[in-house]
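Visitor: I have a model open on my screen and would like to learn how to read it. Could you walk me through it?

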Amino acid sequence: MKIITLTYPISTNDIALDDRSISIALGHFDGVHRGHQQVISKAVSTAKEQGLASAVMTFDPHPKVILGHGEQYTHCLTPLPTKIELFEELGVDYVFVVRFDLEFAAITPKAFVEQLLRELNVVHVAVGFDFRFGAKGAGTPEVLAQLCEPNIVVDKVEAFMIDDAKVSSTIIRQYLEEGNIEQANHLLGRNFQVEGVVVQGDQRGRTIGFPTANLRLDAPYLTIRLGVYAIIAHLGDRTYYGVLNHGMKPTFYAEDIVPVMEAHLFDFSEDIYGEHMTVEFVKFIRPEQRFAGITELIAQINKDADQVKALFSQQ
């Protein structure tokens, strides 16, 4: 898979593409959830059927952040590097990352088609039912289809429904903020995950028999509900089960400004400072709480660990 960054005004002269025409999926795709996967799969399947190259065009940063319509979108479900990995898993040949700025936001829907799609030799486009493009979001799938005539086919992919509810990034964000990890994962089609580097904390966990890996996140992820979670951690090609506390550590601190993620990995005692870790969230165990003292805290951590071990033993 090849990754190509585009900055407006777009120049395609220096873009090395093969001689095939392109079937492309358009969207920001934060989360790359099951609805997004349906749109991308449409582009990929059409490419295979017609002997085309498959592609995704995504926009970075989130358009709503640049336009001042969505401060919450400064925190992502899926950072760009992870999105790109997921695109590759879906069989995409090219990823076009368009740097979204105010100049690009001001282009007309017609300019979008003429200066991007036609210049890239696109002959098929897949978009979600709610896709918007061009200045002030004037472009809809219907407008796109009209502008693409006669030689670019546009497929509008309808909403992906689960239990009569539309799958959307907004709903997934809400579930994560509520701690409803299992439902969020169901809509994502995989476990919600974060990535970061293991850094040194206050090492208090070691003194109570539960050493933890403190994670400094790679990206400004959405802040999920504070509390304790069952997790799967990946260190390189190694995988471990564990329990993670996401919170302010209220037993030790009356106040803390930034929540931290501390993962206790089962049957693990290595020094991993500086290593990169990926954490998958599997289940919300309980909210974070303040304990009367160390003894009560240790007892609860033991209960949490036993509950998570029992959970994974059933899988």
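Predicted model: local features only at pLDDT ≥ 70, side-chain atom pairs only at ≥ 80, totals over all residues.

Visitor: How do the residues of the lining of the largest pocket divide into nonpolar, polar and charged?

Guide: Residues are numbered from 1 along each chain as its sequence is written, and side-chain values use heavy atoms, with hydrogens and water left out. Ala, Val, Leu, Ile, Met, Phe, Trp, Tyr, Cys and Pro count as nonpolar, Asp, Glu, Lys and Arg as charged, and the others, Gly among them, as polar. Here the lining has 20 nonpolar, 14 polar and seven charged residues.

Visitor: Which residues lie closest to the centre of the largest pocket?

Guide: On a 1 Å grid over the protein atoms alone, a pocket is an open set of points where a 1.4 Å probe fits, with protein on both sides within 12 Å along at least five of seven lines; lining residues have an atom within 4 Å of a point. The largest pocket holds about 1000 Å³ of space, the volume being that filled by probe spheres set on the points. Of its 41 lining residues, His 28, His 62, Asp 130, Phe 131 and Arg 132 are the closest to the centre.

Visitor: Which helix supplies the largest share of that lining?

Guide: Helices (H or I, at least four residues) and strands (E, at least two) are DSSP runs, numbered from the N terminus. The largest share, four residues, comes from α1.

Visitor: Where does strand β5 sit, and which strands does β5 pair with?

Guide: Strands pair if DSSP finds at least two bridges between them. β5 runs parallel to β2 (residues 22-26), joined by four bridges, with Ser 23 partnered to His 124 of β5. β5 also pairs in the parallel sense with β6 (residues 153-157) over five bridges; there, Val 127 has Lys 156 of β6 as its partner. Buried means under 20% relative accessible area (1.4 Å probe, protein chains only). Six of the seven residues of β5 (residues 122-128) are buried, so this strand is largely enclosed by the rest of the structure.

Visitor: How many aromatic pairs are there?

Guide: Rings of Phe, Tyr and Trp (its six-membered ring) pair if their centres lie within 6.5 Å; planes under 30 degrees apart count as stacked, over 60 as edge-to-face and the rest as tilted. The whole structure has 13 aromatic pairs. One of them is stacked: Tyr 94 and Phe 96, 6.1 Å centre to centre with 15 degrees between the planes. Tyr 94 is buried at 8% relative accessibility, and Phe 96 is buried at 0%.

Terms used. Buried < 20%, exposed > 50% of the residue type's maximum accessible area, 1.4 Å probe, protein only.
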